[in-house]
Amino acid sequence: MKARKRFAATVKVGEKGQFVVPKEIREMFDIQPGDTLLLLADTKRGIAVVKDGEVFSRFASKLGEGPEGDEEGEEA
């Protein structure tokens, strides 16, 4: 059976702000109970969920930069 490369789903946010990552997505990315996921948020681009620690390192180095590399808060 061929592994899926893409999947789309909707989730509902509960009263405590929690949501469940769908089973198909957990399987695609081998997300296991106890794993730590990183949430990246940008008011213009939305929210991304990242599992890979190397990806976190790349994004952490760019924190505070705007979409074009400008410092946050600076108008282009």
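Colleague: How much space lies in the second largest pocket?
Modeller: About 380 Å³. A pocket here is an open set of points on a 1 Å grid over the protein atoms alone, where a 1.4 Å probe fits, with protein on both sides within 12 Å along at least five of seven lines. The volume is the space filled by probe spheres set on the points.

Colleague: What about confidence?
Modeller: This is a predicted model; local features need pLDDT of at least 70, and side-chain atom pairs count only at 80 or more. Residues are numbered from 1 along the chain, and side-chain values use heavy atoms. The mean pLDDT (the predictor's confidence in each residue, from 0 to 100) is 81. Helix α2, residues 53-60, has the lowest mean among the elements, 68. Where pLDDT is low, the predicted coordinates should not be read in detail.

Colleague: Changing topic, where does Leu 37 lie?
Modeller: In the loop between α1 and β1 (helices are DSSP runs of H or I, at least four residues; strands are E, at least two).

Colleague: And what does Leu 37 touch?
Modeller: Leaving out residues up to four places away in sequence, Leu 37 touches Val 21, Ile 31, Val 49, Val 50 and Lys 51, with contact meaning heavy atoms within 4.5 Å. Its C-alpha is 5.7 Å from that of Val 50.

Key
On a 1 Å grid over the protein atoms alone, a cavity is a set of points where a 1.4 Å probe fits but cannot get out, and a pocket is an open set with protein on both sides within 12 Å along at least five of seven lines; lining residues have an atom within 4 Å of a point.
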